[in-house]
Amino acid sequence: MRNKPNHESRITNHRGKVWLIGAGPGDPELLTLKAARVLGEADVVLVDDLVHRGVLAHAQPRARVIEVGKRGGCKSTPQGFIEKLMVRCARRGAVVARLKGGDPFVFGRGGEELLALRAAGVAVEVVSGITAGIAVPAALGIPVTHRGLARGAIFVTGHAAGDDEPDWEQLARCGLTLVIYMGIARIASISACLQAGGLSGNTPAALIQNGTLPEARSAVTTLAELPAAARDFGSPGIVVIGEVARLAGLAREALRLAHAA
């Protein structure tokens with residue numbers, strides 16, 4: 001009777017592949033059906049720090065899970081190492097699931113990884129995820145676009161500095177909702193630059209930390225008061241600036257009245 005091949009020999013006999021998967025904004029129930037399916041086919045799972053570990057319930061029990069965390073202000077796994085690891089695993093025949101918070105192509109370096117994998121001749125596909133910039137405000141009752149209030153939205157990183165920093169004074173004049181990722185640590189500078197560009201300090205603004213999760217925290221304030229409100233907020237966080245942020249306060253009041261009735 002022929003012995004069954006072990007896991008290592010099985011994966012070396014097949015052509016490998018990498019899936020770049022968006023795990024959503026936090027709540028594991030916001031993972032897409034396709035993401036759950038391909039995660040269940042993976043031999044190796046590379047997990048970012050901001051991915052809720054609840055999504056790993058969809059992985060095979062025998063899958064090798066590797067932590068490749070990246071979070072602002074903390075020690076991070078080098079991007080080059082992650083790319084080499086994916087290439088090495090795929091060339092050995094493994095199906096690799098690269099799990100990223102939110103969407104891989106929205107401040108997730110998914111584009112860089114796609115190019116690196118293609119350059120190495122590795123098969124790769126992208127599974128889009130629900131980005132935090134939409135889902136996190138929505139959980140607070142904030143639509144990033146709203147007829148009569150915001151005809152569009154801009155997703156921008158607050159993490160960059162120097163030559164890579166967004167032109168905040170130009171963004172102040174765009175008339176669109178500003179959704180700022182990774183901006184809480186620099187919100188005092190961002191607020192000052194937006195006001196210098198002409199955006200009123202009375203513009204509604206919202207801070208949300210750990211959005212879509214039970215431990216979520218939020219504050220609805222104004223652009224001028226953002227720095228003070230953000231003092232006890234940390235990562236991961238989203239900042240929303242624009243008239244739509246006012247709707248979060250209306251939603252809270254409606255909920256309060258409903259509970260009081």
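Modeller: A nonpolar core is a set of buried Ala, Val, Leu, Ile, Met, Phe, Trp, Tyr and Cys residues joined through side-chain atoms within 4.5 Å. The model we are reading is predicted.

Colleague: Which residues does valine 239 contact, beyond its neighbours within four places in sequence?

Modeller: Valine 239 is one of the core residues that touch the most other members. Setting aside neighbours within four places in sequence, its contacts are Leu178, Val179, Ile180, Ile184, Ile187, Ala206, Leu207 and Leu226.

Colleague: Which strands stand at the edges of the open sheet?

Modeller: The sheet has five strands in the order S6-S7-S10-S8-S9, with mixed pairing. An edge strand has a single partner, so one side of it is left without a neighbour in the sheet. That describes S6 (153–157) and S9 (217–222).

Colleague: What angle does the direction of helix H5 make with that of S10?

Modeller: Helix H5 (residues 132–139) packs on the sheet. It touches S6, S7 (177–181), S8 and S10 (237–241). The angle between the directions of H5 and S10 is about 80°.

Colleague: Is aspartate 48 buried or exposed?

Modeller: Aspartate 48 sits in the loop between S2 (44–47) and S3 (64–67). Its relative accessible area is 10%. Buried means under 20%. Therefore aspartate 48 is buried.

Colleague: With which side chain does the side chain of aspartate 48 make a polar contact?

Modeller: Beyond four places in sequence, aspartate 48 is in contact with Arg53, Val68, Gly69, Arg98, Leu99 and Lys100. The polar contact, at 2.8 Å, is with the side chain of arginine 98.

Colleague: How does alanine 116 count, by its relative accessibility?

Modeller: Alanine 116 lies in helix H4 (residues 110–119). Its relative accessibility is 25%. Buried is under 20% and exposed is over 50%. So alanine 116 counts as partly exposed.

Technical notes. Residues numbered from 1 in each chain as written. Predicted model: local features only at pLDDT ≥ 70, side-chain atom pairs only at ≥ 80, totals over all residues. Heavy atoms only, no water. Pairing = 2+ DSSP bridges. Helix = DSSP H or I, 4+ residues; strand = E, 2+ residues; numbered from the N terminus. Contact = heavy atoms within 4.5 Å. Axes fitted to C-alpha atoms, helices over the stretch in contact; angles between N-to-C directions. Buried < 20%, exposed > 50% of the residue type's maximum accessible area, 1.4 Å probe, protein only. Polar contact = N/O pair within 3.5 Å; in protein donor to acceptor, adjacent residues only side chain to side chain.
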